[in-house]
Amino acid sequence: MIAHLAESLGYVFTLNVLLGIAAGIAVGYVVGAMPGLTSSIGMALLIPFTFSMDPIAAIAMLVTIYMAADFAGAIPAILVNAPGQPAAAVTAFDGFVMTQRGEAGKALSISLVCSLIGAFISTILLMVSAQAMASAALVFGPAEYFALAAVGLSLIAVLSTGSALKSLVGLVFGLTVVTIGIDPISGASRYLFHWSLIDGIPFLPALIGLFAVSEVFLMIEQGRKAMPEAISTRREASFRNVWPFRRTILRSSFIGYAVGVIPGAGATIASLISYGVAKKLSPTGDSFGRGNPEGIAASEAANNAAVSGALAPLLALGVPGSASAAVLIGGLTIHGLQPGPMLFANDPTVPYSIIIALMVGLPFMVIVGFIGIPLWVRMIRVPRPVVATVVISIAMLGAYASANSSFEMIVTAVFGVIGYLLRKADIHPAPIVLALVLGYMLEANLRRALIAGNDSFFAILSKPIAAGLLFLTLLVLISPLLARRRKA
Amino acid sequence: MAFLRTAAFAAAAAACAAPTSAQDGSGWPNGDVTYILHVEPGGATDVLARQLSSGMQQELGVNVVVENRPGGSGARQMAQLLRARPDGQTIGSVTASHLGMFEQTGQFDIDSVEWACNVILDPYLLAVRDDSDIESLEDLVAKAQENPGNLSIAGFGQNSGGQVAWMIFREAAGLEDGTVNWIPYDSVGDAVVATLGNHSEVVIAYPGLVRQHVEAGTLRVLGVMADERLDMLPNAPTYAEAGYDVNTNWQQFRGIIMPSETPIEIQDAVCDAVETIMQTPAMEQYIADAELVPGFMPPEEFRSFVDAQNELSTSWTQ
Amino acid sequence: MATRPVTSSEERCVDPARRPAPESLLNVSSILYDLVVYAALGGVGLVFFVGAFGLSQDDDAIDSGTVPMIAGGLLVLLCAIGAVQAVRTGGTAPEVEVERPFPVLIAMVMVVLFPIAMDALGYYATAAIWVPAFAWIAGSRSWVAVLLVPVGVLALARFVFEMILGTPLP
């Protein structure tokens, strides 16, 4: 391994590759910070430009887009409550509250430092454990994915701030509408009000509507009233600042990597789980969701760690762990490289070059973030109507770009109105969005597990990991009741 | 940056292409060509189309602009394609899954478009984990009959090409419905992973998705639904060799469609270009690297192939 | 729109130092608003619950109709609980306030109309009119902002979306 690492170092430190990394960071920050543009869209759209690049430079550019987008996803989540990447929805829980208190600079700094630590630790883990972890992840089949989705949903139900009943209503609303479209298991069409919905409600446009567009309507209510004055635009990105959360960051990085390795689980579940665990274990857990910086630390360390995690099954088995990893496969094939079980044996410099490119890119991502923080914080001083107009314009463009179709814009607009009306009733968009992510995973995998087990629920419970995760779900759901009894 | 160079080259080339009459095919292409895909960027079909478009760009000297219109299992792309003028300047991608979508939406049918040419033809195959005690198709049938409902097969979707291929085999082997549980996954790749993880005993997939796992010694191919053994899987027997004589015409295809009423001369011109590109070393190399099976078909042949596929599909899924 | 004025919309001054002009304010009793929202969501749940009966056709333990039936039924149940809770404890909750209700309503209509207009007129023409109009509705009264924002947005669409990302805008 050491020899391959050394050889790969030579490949990475060439002008072409470093330029590729720089381009990747720039594009990654742009697509990451714009709600609606995800890293997978950004990567896929740049694939044609890699035709003429050398393979290592092309791949380095694509993976840096992937990681940089995750760094940047937190910025709009913190500043305007419009997550740039789905996983940053969890970051907004505390980040946006801090911005409203005038602590945007602090929130952004903590997000940046924790993203860095999460990404760094998980990239090291990727280097040493990709093959072992990827094989272990194969243990996850339908029963286990069903149980994992159940854990995620139970965490949403208890983590969200405000009235528990209202977050449950939002959650179940999400679970209900996610059944629209062709049933993936039986092929029957369900609630197809229009044939455009055959694949269900498009997720990204719904996310943009519920978060970004509904926030725009709230901004319009405020008119020209000044935004909360930032206490200081000074960057506070120092390790000293996050030292109190070291345990949370370390734990979240490991959780993020482990969840990221499971194909299809993804950064959103990673953030959610690590946020839930941090809230449970932190001495200040009660103030999670009310602007506790530790919540940002938990979410950001985990979702950046999940990025490297998703690369493990890709490099070791040729199995894409996420949509972005799937695009990376496309990018590799163009250059005659087929990721799969033979990649480490046939072309070992490719996986190691990817890992090194990530490592080389990290400090630059931090520098961009570090320089950027005072600029982004200054955005708060821009008059609110201007911010609202810019956010809505980008949101509509992003919705369009997600499928090159105006139908997506209509979905965004409708969910924006729904999101706004529900927020006025204190029903927050986060549980709805997370239910949209997890609802499909829950239903499809439950039904697959039942078909394989001849309709017996015991077939699911007889699998130790699935049974363990379902037990955890039960614990999560009854823990608030237990806590209440203890207090009473 | 690379893309600036490409754009400049293409623009210069576009200026050279003299626009002439578009009716007889000699005038094609008359300016930029738009290539509308029914898939999201990044997948196998998308990458293949982008390779084709860059080949066409060099071959024809005009811009070939790839547009992704995913969603609706291809319905969104169809709607977009049918709005275009039938002059050959707009072409679209097509795979076997369109046939299922026609039935599910009822919005379109096989006559809604012109079937210009086919590019890739992937045969289906059945594979198991290498440590499985199922050594051959015969074992599979015997084991399924012994304990009905004990085995499960992973594949893509419901009423999909893969499931039809499985039903064709099931009938040839005399297996009852329900002896093996069909588990629909979101993609063939997911189904392969589920089988690698031992969540299903058997998987029905394409050669390109299993070859590396066969080489790594984690999967074993029981039979390939084709007339001859494949170059990339020389040790895998065909169904016929394994003793199951089935109709091997049922294959996963990826081709090019054009708006309805595009003149046949223009379709021919497009297909000639595609055929030339497929024989270039760069494209041959790509097809080999991506582990696809080339299967070029000109317009009439493609249309009758698709007619036969459609007939098979409707007869099996109803 | 679910918001209906219950207590008559009342005008009051907001931040008099900065803004001498009175701003409109819509006050809705939170019990009523909660009830309207629960009724709407419960209605959605009911549609899915009832529709699910038409979807169950095979004899699997869980078929196409099961999950929508459970989710829809649960939504109806939760909304019913919520409605009862709202009526019982309603007095304590503060009112739902919507500041500047008319601009918000107009903005909603504009957002829904944007894709329709875009299909008819193309992106750039639509955005050139829509973006400054939206800035005005959002409360911007500075001509510089109303003129500069659309320029910025159009430049973003052109350079980032069309040129770098290759998104074909109509």
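**Salt bridges and confidence in a predicted model**

A:Arg448 is buried, at 4% relative accessibility (buried means under 20% relative accessible area, exposed over 50%, partly exposed in between; 1.4 Å probe, protein chains only). This is a predicted model: local features need pLDDT of at least 70, side-chain atom pairs count only at pLDDT 80 or more, and totals for chains, interfaces and linings use all residues. Residues are numbered from 1 along each chain as its sequence is written, chains are lettered from A and ligands numbered from 1 in the order in which they are written, and side-chain values use heavy atoms, with hydrogens and water left out.

**Salt bridges**

- The count over all chains is 21 salt bridges (a side-chain nitrogen of Lys or Arg within 4 Å of a carboxyl oxygen of Asp or Glu).
- B:Asp186 forms a salt bridge with A:Arg448, with the closest N and O atoms 2.9 Å apart.
- This pair crosses between chains, from the loop between β7 (180–185) and α7 (188–196) of chain B to helix α20 (residues 429–452) of chain A (helices are DSSP runs of H or I, at least four residues; strands are runs of E, at least two; both are numbered from the N terminus).
- B:Asp186 is partly exposed, at 35%.
- B:Arg170 and B:Asp177 pair at 3.3 Å, N to O.
- B:Arg170 is buried at 15%, while B:Asp177 is exposed at 66%.

**Confidence in chain C**

- Chain C averages a pLDDT of 81 (the predictor's confidence in each residue, from 0 to 100).
- Residues 1–22 of chain C stay under 50 in pLDDT.
- Where pLDDT is low, the predicted coordinates should not be read in detail.

Methods
Contact means heavy atoms within 4.5 Å.
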